[in-house]
Amino acid sequence: MAALQTAQTTETAGINSCIAALQTEFPAELRSRISSATILRGQLRAHRREPRITTTIPELDNLLQGGLPSGAVIELVGRRSCGRLSILLASLCAVTASGKVASLIDLGDQLDPRSAADFGIELDRLLWLRPQKLDDALAAAYILVETGFSLLALDLGLPPLRGRVSAATWVRLRRVAEIHRAVLLVGSPYRVTGCAATTIVSSQRGRGSWAGKTGTPRLLRGLATHLMADKLQGHRPQRTTTVFFTSPDAAFAAPSSTPRLRDTGRESHAI
Amino acid sequence: MRIACLFAPLFVLAARLRSEPNLRGEAVAVCEGNGTTARIMAASRPSRQAGIRAGMTLVQARGIMPSLIARGRDSTCERSAHEALLEISWTLSPQVEATADDQIFSDVSGMDGLYPGKIGEETMGREAIAVADSLHLPIRVGIASNKLAAQIASSLPQSPVVVDAGDEAAFLAPLPLSHLQLEGRTASTLQRWGITRIGDLARLPADRVSARLGSDGLVAHRAACGVDHRPLVPHRPPPVLTEGMELEWPVVTIEPLLFAVRQSLDRLHRRLTRQELACSLLELELDLEPEGTERHTIGLPAPTRDVDALLALIRLELESRPPQSAIAAFRCMVTPDAPRRGQLTLFGPEDVHPQKLATALARLAARLGPDRVGSPRVAEGHCPESYGHVNFEPPPTPRFERSPEKVGRGLLTVRVLRPPVELEVITDAPLEMTTSLPDSGGDPPISTDSKNHRRIRLTSIASLTGEKPRIQGLVRIASGPWQLEDGWWSDRPVQREYWDIELSDGGLYRIYRDRNSGSWFADGLYD
């Protein structure tokens, strides 16, 4: 990896020197018009200033260079207990909080409305679909992208996935998302979008964080997960970050206090 | 007062051609009766040019024109055509009266603001005719100051015909006496007297006519003078819109039925569009062969008039509940409702167009099922797996776009396993502590992350036969129990002990023990 980066740096330096040498051959008034494609692309990207949807997770937003890009398919890959669904709900919270509608296509039928409400999602603005097959889920995504939803969160649930779709289906979905400037955030236990995703973030198995010590009552404090950008359009891949998700029980408890009563009626025993 | 009369000539034929547009331009005749007693009620222009007239028997007609296409009367088509005629008249005025299936009077007083000038009413009539053409129902329009003059004006071929106020007598004078549709004895008497024009009857002294012909003669004389005091009695609109047809032969499969249903839905779409309404409830009534009726009710998540979405819902319904026998006729009944409207804001966020949203919801309901499309709601009660589900009706967009917080609550959510996964809990060491999994019995919580403590292994029972999800591993850390009780007043109260655990493979689960049965279940995965 280091060798690859060194090679790329060397190549870039070589291009810049060629550009500089070419510029000296031209009159002063024309030198500013000589540039490389990389520089032009960066200028174009900066000029566009595409609005991005924040995930409300600062570490993930930094990893994605500001948030979820519009008109793109972003794939979030991870097995169990990796924070995948929490990231989807956090992104939905950002969109509904701004007054827009969003949709969660829940292939596994695993959404907990209580959790969604705890996240701050405005349930009135959340369209919850529960397809039973993968092709139905993608067909629903196609319909909603054409309708004008700005964020579609597609949660494919736990493995194995029910149904199969071709890579061409994902590519068509991406093109429709590009046309309508929608964001399709796909949470999957393994890679499914093929080349259609412009951004791929993989989540390694998280580690639970527990309050208390061995031999004493324990409380689940949260989950720490390690995210890596396997594919990031226009940027170098392999960037990593760590995110900590707080358990709702611990979120309302002081660091060393006993867990407080939850409104679900569950009562904790403290020694 | 100004009254418009909308008249649909050859109504039974026009109603039939609405449902079978492919027969337009053909030699078609609509008959009533069966076998040799079937008589022609109305014939199309090519048929009339060949010499076929109303009143002929079908046998006579076929003798003149063997290639004549004969159709029976269809009450469903006629009712649909009558409703369409009502809707056309509502485009002129809300005050309408239906005196016959093919004739409707409409109060058009005060329309000079919309249709000013001398030709204003004529323009209004032409627009009504254009609306009728869009619904595939040719009509004639007559406008006058009373119902009689308007009715006679609408029967004339050059349409629309406008009779100025006070000119009713002059308008009627040159017309044949048959336009007054007099009672048989009166008409024959006048004919014997040589009275052939309405003006001739109007010039006779009223008292002499009354003395010779009685009250019927007096009524006829007043009509000939253009006097008609009959008021316009308003009509109440039907609560549903209906379109349908009787099939030529009973159909068994769904595809031919859907082809005919689509044509009915197209006509309903035009009628709903004309009234700026949408369908909120769709009912499909099937007449079965040899007898019987089936009704299928289809609720819609949002009012829509998208034909493809409605047809997909009907297909879904018929595939899930196929008809018991062959189908001889059908009717599509639509309960109209105002479509969702949204006021876009100047500074607010971009929102989905209400009509597009309603169409999308209908298509999603057709594809996934109506119970799988909606908004989540927190259900009452303490059971974590319970949830509520309502129709998706987002509130209006805020006036100003709200900037979302850059930093959220950073919470961890749980994937609810529906249904809960039954577990097998295996312990492989003697008890070292007073209590631990699997039977906490209300004792203090435990910690199993020490090698001196009991080892506890969880396995999902379904995974033993290869089914998913597969939950397996040693319990590294456990937190609990939390007691949960719900529905203590019911026959099957819920009594559970909940634990948060971490398995050796790193999975974080929420499990519980049912105190009624003693079984263990996993109902959540922290993700």
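A: Let's start with B:Arg16 and B:Asp74, whose side chains meet in a salt bridge with an N to O distance of 3.1 Å. B:Arg16 sits in helix α1 (residues 11-19) of chain B, while B:Asp74 is in the loop between β4 (69-72) and α4 (75-90), so the pair ties together parts that are 58 residues apart in sequence. Are these two partners buried or exposed? B:Arg16 has 6% relative accessibility, so this residue counts as buried. B:Asp74 has 2%, so this residue counts as buried too. The cut-off here is under 20% relative accessible area. Keep in mind as you look that this is a predicted model.

Now turn to B:Arg73, in that loop between β4 and α4. B:Arg73 forms a salt bridge with B:Glu32, and their closest N and O atoms are 3.4 Å apart. This pair also links distant parts of the chain: B:Glu32 belongs to strand β2 (residues 28-32), and the two residues are 41 apart.

Some charged residues go beyond pairs. Salt bridges that share partners join B:Arg18, B:Glu83, B:Glu87, B:Glu243, B:Arg267 and B:Arg271 into one network. Over all chains, the count comes to 37 salt bridges.

For an example in the other chain, look at A:Arg125 and A:Glu122, which form a salt bridge with their closest N and O atoms 2.9 Å apart. A:Arg125 counts as buried, at 5% relative accessibility, whereas A:Glu122 is partly exposed, at 27%.

Back in chain B, another arginine is worth a visit. B:Arg305 lies in the loop between β11 (293-304) and α12 (307-320), and its 17% relative accessibility makes it count as buried. What does B:Arg305 touch, leaving aside its neighbours within four places in sequence? Its contacts are B:His269, B:Leu272, B:Thr273, B:Glu276, B:Leu277 and B:Ala278. The C-alpha atom of B:Arg305 is also 7.7 Å from that of B:Thr359, although the two residues are 54 apart along the chain.

How confident is the predictor in chain B? The mean pLDDT of chain B is 84, and 90% of its residues reach 70 or more. Over residues 430-452, however, the pLDDT is below 50, even though this stretch has 63 contacts in the model beyond near neighbours in sequence. Where pLDDT is low, the predicted coordinates should not be read in detail. For the complex, the predictor gives an ipTM of 0.76 and a pTM of 0.64.

Conventions: Residues numbered from 1 in each chain as written. Chains lettered and ligands numbered in written order. Predicted model: local features only at pLDDT ≥ 70, side-chain atom pairs only at ≥ 80, totals over all residues. Heavy atoms only, no water. Helix = DSSP H or I, 4+ residues; strand = E, 2+ residues; numbered from the N terminus. Buried < 20%, exposed > 50% of the residue type's maximum accessible area, 1.4 Å probe, protein only. Contact = heavy atoms within 4.5 Å. pLDDT = per-residue confidence, 0-100. Salt bridge = Lys/Arg side-chain N within 4 Å of Asp/Glu carboxyl O.
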